[in-house]
Amino acid sequence: MSVRVGLTGGIASGKSTVSALLSELGAVIIDADLLAREVVAKGTPGLAAVVAEFGPTLLRPDGDLDRPAMAALVFGDAGARKRLEAIVHPLVFEQVVALEAQAPGDAVVVHDIPLLAESGRADTFDAVIVVDCPTDLQVSRMVSDRGWTRADAEARIAAQATREDRRAIATHIIDNTGTIETLRDQVVAVFLDLRDEPSST
């Protein structure tokens with residue numbers, strides 16, 4: 001039976017790198033952020049529902065969603081965010097169910113969910129991997145790798161669950177403060193452990 005795994009980590013923690021490494025090892029990756037983008041892509045019923053709820057000003061001239069405008073609208077506005085989630089989340093869930101059904105029966109199915117700690121859904125998985133690093137390292141990566149200001153980086157981190165909250169839901173913690181080789185070794189060890197996990201399905 002397949003093992004359902006939640007993968008999460010704060011911004012700039014290295015979660016995407018861990019996800020890619022798990023994929024190389026044979027895990028089936030279900031990326032919640034990617035699905036959330038796909039269900040509101042140009043021409044989809046999801047995008048039509050977003051426009052009906054928030055207005056055509058969120059459309060770019062080419063008919064695609066203006067993602068920066070959408071982000072600006074919901075960032076800091078809990079009501080708008082909930083209205084958006086009410087449209088997007090059910091559509092994402094449909095895609096997740098379909099992708100899980102397509103996975104091989106003995107697969108390690110990894111759900112890449114940035115806000116897993118915030119969602120309260122950690123206990124729906126057989127295991128939870130948290131990619132962890134100190135907050136000051138997250139900030140320095142966002143500044144050096146992404147060109148963010150320190151203030152913007154700190155504000156984004158503050159808007160997410162705390163490091164302690166994420167660690168509290170973990171069955172496996174991957175420390176991403178060292179080299180890529182050290183990270184890979186940890187990922188391999190966790191993957192081998194997950195293949196031996198009892199499945200709830």
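This is a predicted model: local features need pLDDT of at least 70, side-chain atom pairs count only at pLDDT 80 or more; totals for chains, interfaces and linings use all residues.
Contact is taken here to mean heavy atoms within 4.5 Å.

In helix H3 (residues 45-54), the residues Gly 46, Ala 49, Val 50, Glu 53 and Phe 54 meet Ala 80, Arg 83, Leu 84, Ile 87 and Leu 91 of helix H5 (residues 78-102). Sorted by class, this contact of H3 with H5 comprises seven nonpolar residues, one polar residue and two charged residues. The two helices pack with their axes 10 Å apart and at an angle of about 160 degrees; since angles over 145 degrees count as roughly antiparallel, H3 and H5 are therefore roughly antiparallel to each other. The crossing in which H3 passes H5 is right-handed.

Helix H5 also packs against H4, the axes of these two helices coming within 7 Å and crossing at roughly 125 degrees, which makes H4 oblique to H5. On the H4 side the contact is made by Met 70, Leu 73 and Val 74, and on the H5 side by Ala 80, Arg 81 and Leu 84. The residues of this contact of H4 with H5 divide into five nonpolar, no polar and one charged.

A further helix pair is formed by helix H7 (residues 135-146) and helix H8 (residues 150-159), whose axes cross at roughly 130 degrees and come within 9 Å. That angle makes H7 oblique to H8, and the crossing of H7 and H8 is right-handed. From H7, the residues Thr 135, Gln 138, Val 139, Met 142 and Val 143 take part in the contact, while H8 provides Arg 150, Ala 153, Glu 154, Arg 156 and Ile 157. By class, the contact of H7 with H8 has five nonpolar, two polar and three charged residues.

The largest nonpolar core has 21 residues, of which Val 50, Phe 54, Leu 65, Met 70 and Leu 84 touch the most other members. Two or more residues are given to this core by each of H3, helix H4 (67-74) and H5, and the largest share, six residues, comes from H5. When residues up to four places away in sequence are not counted, Phe 54 touches Met 70, Leu 73, Ala 80, Arg 83 and Leu 84.

With residues up to four places away in sequence not counted, Ser 19 touches Leu 7, Ile 29 and Asp 112.

Ala 161, in turn, has its place in the loop between H8 and helix H9 (163-168), and with a relative accessible area of 11% Ala 161 is likewise buried. Leaving aside neighbours within four places in sequence, Ala 161 is in contact with Ala 117, Glu 118 and Arg 166. The C-alpha atoms of Ala 161 and Thr 17 are 20 Å apart in space, and the two residues are 144 residues apart in sequence.

Technical notes:
Residues are numbered from 1 along each chain as its sequence is written. Side-chain values use heavy atoms; hydrogens and water are left out. Axes are lines fitted to C-alpha atoms, for helices over the stretch in contact, and angles run from 0 to 180 degrees between N-to-C directions. Helices (H or I, at least four residues) and strands (E, at least two) are DSSP runs, numbered from the N terminus. Angles under 35 degrees count as roughly parallel, over 145 as roughly antiparallel, 65 to 115 as roughly perpendicular and the rest as oblique. A crossing is left-handed if the near helix is turned anticlockwise from the far one by less than a right angle, and right-handed if clockwise. Ala, Val, Leu, Ile, Met, Phe, Trp, Tyr, Cys and Pro count as nonpolar, Asp, Glu, Lys and Arg as charged, and the others, Gly among them, as polar. A nonpolar core is a set of buried Ala, Val, Leu, Ile, Met, Phe, Trp, Tyr and Cys residues joined through side-chain atoms within 4.5 Å. Buried means under 20% relative accessible area, exposed over 50%, partly exposed in between (1.4 Å probe, protein chains only).
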